[in-house]
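Thanks for coming. I will take one structure today and walk through it slowly, for those who have not seen it before.

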Amino acid sequence: STLIVGLTPDPEGLLPEPDVIRLKEWGDEVRRRFANPVMTAPGSGSKINIKLRQTQSINHVILQEEITYGERVRAFKVEAHVNGKWETLCDGTAIGHKYIRQFDDIETSRIRLTILESIDEPIIKNFAVYNVE
C-alpha cells in the first residue's frame, strides 16, 4: 500500500515550513529506529533462519522481497524460539517491497521466517530483526 501523508504545497509549490520540520523529525525517527538491525539475512526458499550471537530482546521485524521477480509470497509467519518451543511473532499474506511489524519485546537467540504459500520460489532480499527502544 502507499502512505498518503496529506500535505499540500502553497501556490509557489513549496510545503509550509512547519510541515517540513515535522517531516524531518519523522524521517529522523525512522532512521533512529531502523539504522542498526540486531541481525539481517537474505535468502530464498520456504525457510530462512537467523541465529543471534546470544539471547537478546527483539521487538521489530522488517521483511523485503526481491520484487524485481514479482511479489511471490502469499502467506508467511515469523517465529522466535523461546523456552524450547517456537512462538509466532507475526504472520501475514504479503511481504512485497517492505513489511514492518512491531511486537512485544521477546528474549530469543533464534528467529525464523517460514513461507507458507508462494506462487514461485520466494526470494527474500532482507529479513531483519531489531530491538527498538
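Predicted model: local features only at pLDDT ≥ 70, side-chain atom pairs only at ≥ 80, totals over all residues.

Residues are numbered from 1 along each chain as its sequence is written, and side-chain values use heavy atoms, with hydrogens and water left out.

The layout, then. The chain has one helix and six strands; these are DSSP runs, H or I of at least four residues for helices and E of at least two for strands, numbered from the N terminus. In sequence order the pattern is α-β-β-β-β-β-β. The C-alpha trace spans about 60 × 35 × 20 Å along its principal axes.

Of the 133 residues, 36% are buried, where buried means under 20% relative accessible area, exposed means over 50%, and partly exposed is in between, with a 1.4 Å probe and protein chains only. Take contacts, meaning heavy atoms within 4.5 Å: among those between residues at least 6 apart in sequence, 73% join residues at least 24 apart.

Now the interior. In soluble globular proteins, nonpolar side chains tend to be buried together. A nonpolar core here is a set of buried Ala, Val, Leu, Ile, Met, Phe, Trp, Tyr and Cys residues joined through side-chain atoms within 4.5 Å. The largest one has 25 residues, and Leu-63, Phe-76, Val-78, Leu-113 and Phe-127 have the most contacts inside it. Strands S1 (39–44), S2, S3, S4 (85–92), S5 and S6 each give two or more residues to this core. Leaving aside neighbours within four places in sequence, Phe-127 is in contact with residues including Met-39, Ile-50, Leu-63, Val-78 and Leu-113. There is also a second, separate core of five residues, which includes Phe-34, Ile-62, Ala-128 and Tyr-130.

How many aromatic pairs does the structure hold? It holds two. Rings of Phe, Tyr and Trp (its six-membered ring) pair if their centres lie within 6.5 Å; planes under 30 degrees apart are stacked, over 60 edge-to-face, and the rest tilted.

Phe-34 counts as buried at 19% relative accessibility, and Tyr-130 at 6%.

The other pair is Phe-76 with Tyr-99, edge-to-face at 5.0 Å centre to centre and 85° between the planes. Here strand S3 (residues 73–82) holds Phe-76 and strand S5 (residues 99–118) holds Tyr-99, so the parts tied together are 23 residues apart in sequence. Phe-76 is buried, with a relative accessible area of 1%; Tyr-99 counts as buried at 15%.

Last, the arginines. Arg-112 lies over the face of Trp-86, 4.0 Å from the ring centre; the criterion is NZ of Lys or CZ of Arg within 6 Å of the ring centre and within 35 degrees of the ring normal.

Arg-72 is in the loop between strand S2 (47–65) and S3. Is Arg-72 buried or exposed? Arg-72 counts as buried, at 13% relative accessibility. Leaving aside neighbours within four places in sequence, Arg-72 is in contact with Glu-65, Glu-117, Ser-118, Ile-119, Asp-120, Glu-121, Pro-122 and Ile-123.
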